[in-house]
Amino acid sequence: QVWRRPAVRRLWPLAVVLAVTVVAYVPSPVALYADDYIYLVATRELSFWEYAKAVFTPWGHEPLLPFTRDYWRPLAFLWFEAAQPVLGDTPEPYHFANLAVHLCSVVLVWVLAARLDPRPDVRTFAAVIFALYPGSFEAVSWISSINSAGLVFALAAWLVFLSATEEDRLRWSGVVLSAALVAVALMFRESGVVLVPAMALWYLLVQRRERLREWRIYLAFVPFAVVAAGRK
């Protein structure tokens, strides 16, 4: 009787996709590799405040964290400082943390696809492609790829933006929250910005296509412009 309930019938494909994803990634090779050692050594050698200062300083010159010279990903880097006392120096817990991030992204892709297109097959196809696309293997199996958590916040930003703009009038609290989530995504990985153009095009060509000559509709982009200016 449980499987006949409408909510269950809608969600069982997602449950299957998540289960297959776990089966696919749990046995993947797990080992500390390359960048992983750098982060873990830095967590042991630097105090929390020294580590935090290094990762939040653009174009930093901390020898124990050389990546801060080329990337400003403070939240991704700070993850190791927070996680190391809890997860230790063995790779398996970090691998499962990455897998959890990936599963969260799969769920958000499913939800976003459902918001953009009501056909059940569309959301299932989107979730399958995202969950099991071979090019994403390293993003889950390589421990340093915790920066992929930025996608979770970017997807959440689009969902919040959809809710904030679904009526004729903007809900500014939602628009500002969406921009803040984009800012968080960028602090994990700069490629978190890639969903913003898609979000903007959907807003203009689908949600507001009858009002493109009204200057007020473009005010929704102001918080995102502020984030972009702050990033620079």
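A residue counts as buried under 20% relative accessible area, as exposed over 50%, and as partly exposed in between (1.4 Å probe, protein chains only). The model is a predicted one, in which local features need pLDDT of at least 70 and side-chain atom pairs count only at pLDDT 80 or more, while totals for chains, interfaces and linings use all residues. Residues are numbered from 1 along each chain as its sequence is written, and side-chain values use heavy atoms, with hydrogens and water left out.

Now for the charged pairs. Side chains of opposite charge can pair when their charged atoms come close. A salt bridge here is a side-chain nitrogen of Lys or Arg within 4 Å of a carboxyl oxygen of Asp or Glu. Searching the whole structure turns up six of these salt bridges.

One of them joins Arg73 to Glu190, with 2.6 Å from N to O. This pair ties together distant parts of the chain, 117 residues apart. Arg73 sits in the loop between α3 (48-56) and α4 (74-87), and Glu190 in the loop between α9 (172-188) and α10 (195-207); helices are DSSP runs (H or I, at least four residues), numbered from the N terminus. Arg73 is buried, at 11% relative accessible area, whereas Glu190 is partly exposed, at 29%.

Asp117 and Arg119 make another salt bridge, their closest N and O atoms lying 2.7 Å apart. Here Asp117 is buried, at 17%, but Arg119 is exposed, at 53%.

Then there is Glu214 with Arg211, a salt bridge at 3.0 Å from N to O. Glu214 is partly exposed, with a relative accessible area of 36%, and Arg211 is partly exposed too, at 23%.

Terms used
Helices (H or I, at least four residues) and strands (E, at least two) are DSSP runs, numbered from the N terminus.
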